Amino acid sequence: MAVLDLINGENDIKNLSQQELAQLPGEIRCFLLEHVSKTGGHLASNLGAVELTMALHLILDFPKDKLIWDVGHQSYTHKILTGRKDEFDHLRQMGGISGFPKRSESACDCFDTGHSSTSISAGLGFAKARDLLGETYSVVSVLGDGALTGGLAYEALNNASNLNTNFIIVLNDNRMSISENVGGISRHLASIRMSDAYQEFKSDVHDSLSRLPYGERVARRMTKAKSSVKQLLIPGMLFENMGVTYLGPVNGHNLQDTLHILREAKKVNGAVVVHVQTDKGKGYLPAELRPNRFHGIGPFDVVTGEPLQKKKKPNYTDVFSAVICKIAEKNNRIVALTAAMADGTGLRRFRQRYPERFFDVGIAEGHAVTFAAGMAASGLHPVFAVYSSFLQRGFDELVHDVCLQNLPVTFAVDRAGLVGADGETHQGILDLSFLSVIPNMTILAPKNKWELAYMLWFCSRYEGPTAVRYPRGQAYDGLKEYRAPIVYGKSEWIFEERQIALFAVGNMVETALDVRERLHERGFSCSLVNARFIKPIDREAFQKAIGNHDLIVTIEENMLHGGYGDAVGSYLCSVNADVSLLRFGIDDRFVPHGAVPLLQETVGLDAAHIAQKIADAYGKK
């Protein structure tokens with residue numbers, strides 16, 4: 001009988017024998033490979049956290065005790081050990097379990113996560129609430145070493161130093177975030193990894209001195225002097241100096257050693273950092289060799305590690321990657337920034353060609369924005385490539401440091417709109433709303449891959465803040481013949497008819513083409529306009545539409561509140577336009593995980609739904 005068959009609910013792991021515990025990690029890794037290879041998901045991070053998660057489950061009592069996962073993409077083993085292994089056939093699929101912790105999914109998930117560097121803050125909140133309410137449960141926050149490049153982690157550590165009751169912070173050090181870690185924190189942790197060498201050196205020196213005349217006296221003097229070099233040589237002084245106890249490092253794949261250090265941590269009357277070293281991708285050679293490739297992956301062949309679906313056409317990230325290098329070749333003022341996402345945002349090629357003009361700041365989006373502002377104020381033109389849902393982490397810096405000074409920074413906003421399986425924390429459905437409210441910001445969205453290239457060239461020459469938002473996935477290559485030059489603030493009329501005017505944003509132009517055909521089949525006359533500019537909107541285009549259309553329709557893959565349709569509605573109201581307006585977007589809700597086509601149907605952004613609603617609205621008019 002497989003040991004995993006004995007795990008059907010929280011705390012079942014505590015009933016296993018030592019022999020069964022030794023067998024369990026291999027079974028969990030096989031389980032993860034079997035299921036993630038079919039559904040896709042975050043593999044390497046979960047393979048690396050198996051024994052650590054087991055140790056946490058052996059010392060904690062669920063759901064009474066609280067375990068907060070930073071980001072949360074490494075929580076698969078936690079889900080297996082809390083009775084959810086039978087749901088892994090539908091991992092990250094609509095109606096199935098999430099790839100991240102979800103309070104709505106299990107009482108053992110005490111806090112929803114999805115973005116980095118948040119777990120210490122949340123854990124400290126639980127610890128304070130526990131003490132104020134007179135409760136006694138344990139609180140553990142787990143974060144990766146990459147999360148320590150985020151400033152929020154240090155704000156929380158500073159606050160945690162004043163705590164006088166137990167709070168455990170597990171630092172899962174695997175030398176990786178998504179891409180390889182960069183910066184001073186990574187180098188500091190690397191020095192801690194060398195601490196065994198220091199200990200061996202110290203022992204060897206003492207043994208050698210003891211065999212020499214007066215050697216013992218010299219050894220004693222060295223012992224007295226050790227405090228003067230302690231700051232440089234002893235692991236964990238970064239945390240100790242902040243007032244947080246440090247324990248470790250420990251091999252996170254040795255279950256007994258990890259258990260021992262966690263039990264010691266539970267005795268500390270205050271905040272304590274437990275430094276655990278793990279290998280991302282542990283137990284699966286392709287993931288060990290290329291952990292960044294197996295961070296987030298689609299279905300793949302377990303034997304070869306190769307994706308089952310070969311990419312045939314370039315995606316929008318590929319287009320950005322090629323074009324930004326061409327622009328940099330012509331313009332030496334262009335520099336590129338990423339927040340630990342060089343591969344994901346397509347900047348690997350730029351890094352290879354222009355290493356002196358490439359900057360990876362780590363998981364620190366707010367810093368990246370202000371860093372870009374400083375370079376822009378000094379005469380450069382920075383391009384910050386970032387996922388839509390991560391850009392929102394730098395909102396204050398966007399307002400205060402870039403747009404207030406009207407600086408030439410281009411934001412390449414990748415994964416805009418619905419992204420699918422990663423769910424609520426990663427859907428890029430807020431960027432049009434939060435960018436549109438900022439003065440001086442110009443926002444563009446391309447209808448196809450060629451227009452993305454034209455827009456990037458336009459932005460590289462524009463002396464002010466710009467954002468180009470484009471979706472995840474294969475780049476649309478239709479409407480190639482429609483190549484009107486990019487003129488500031490101007491839309492593109494693709495088809496001019498009467499009755500209904502469709503104004504579509506970015507990737508919604510492809511959907512609008514389908515909508516137009518469906519309306520033609522019903523006998524409607526329908527114009528199609530590629531919005532191009534979301535801010536500013538093209539007022540002349542709307543004046544033209546008012547003159548010979550009865551109904552104006554806006555279509556965007558963004559929240560309705562604060563989006564393109566809202567801006568259009570405000571303008572039509574301001575000019576007392578004698579025309580009806582119908583807006584399509586995402587209503588006031590977060591969108592769960594699932595395949596993008598299914599999500600579009602769920603939120604009413606599929607062509608069939610849009611066409612039917614338009615026909616109904618026009619009929620009523």
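The legends below walk through several close-up views of a predicted model.

Local features here need pLDDT of at least 70 and side-chain atom pairs count only at pLDDT 80 or more, while totals for chains, interfaces and linings use all residues. Residues are numbered from 1 along each chain as its sequence is written, and side-chain values use heavy atoms, with hydrogens and water left out.

**View 1. Glu-105 and Arg-84 meet in a salt bridge.**
A salt bridge is a side-chain nitrogen of Lys or Arg within 4 Å of a carboxyl oxygen of Asp or Glu, and the structure holds 27 of them. In this one, the closest N and O atoms of Glu-105 and Arg-84 are 2.8 Å apart. Glu-105 sits in the loop between helix 4 (76-84) and helix 5 (119-132), and Arg-84 sits in helix 4, so the pair ties together parts that are 21 residues apart in sequence. (Helices, H or I with at least four residues, and strands, E with at least two, are DSSP runs numbered from the N terminus.) Are these two residues buried or partly exposed? Glu-105 counts as partly exposed, at 24% relative accessibility, whereas Arg-84 counts as buried, at 3%. Here, buried means under 20% relative accessible area, exposed means over 50%, and partly exposed is in between (1.4 Å probe, protein chains only).

**View 2. Arg-130 pairs up with Asp-131.**
This salt bridge brings the closest N and O atoms to 3.0 Å. Asp-131 is partly exposed at 31% relative accessibility, but Arg-130 is buried at 5%.

**View 3. Lys-490 and Glu-540 join two parts of the chain.**
Their side chains form a salt bridge, 3.0 Å from N to O. Lys-490 is in the loop between strand 11 (466-469) and strand 12 (492-495), and Glu-540 is in helix 21 (residues 539-548), so this pair links parts that are 50 residues apart in sequence. Lys-490 is partly exposed at 27% relative accessibility, and Glu-540 is exposed, with a relative accessible area of 57%. Back in the part of the chain from View 1, salt bridges that share partners join Lys-79, Arg-84, Glu-105 and Asp-109 into one network.

Which residue of strand 3 stands opposite Gly-144? That would be Asn-172. Contact means heavy atoms within 4.5 Å.

**View 4. Asn-331 sits in a loop.**
That loop runs between helix 13 (316-330) and strand 6 (334-338). Asn-331 counts as buried, at 18% relative accessibility. Leaving aside residues up to four places away in sequence, Asn-331 touches Arg-357 and Ser-460.

Note on methods
Pairing = 2+ DSSP bridges.
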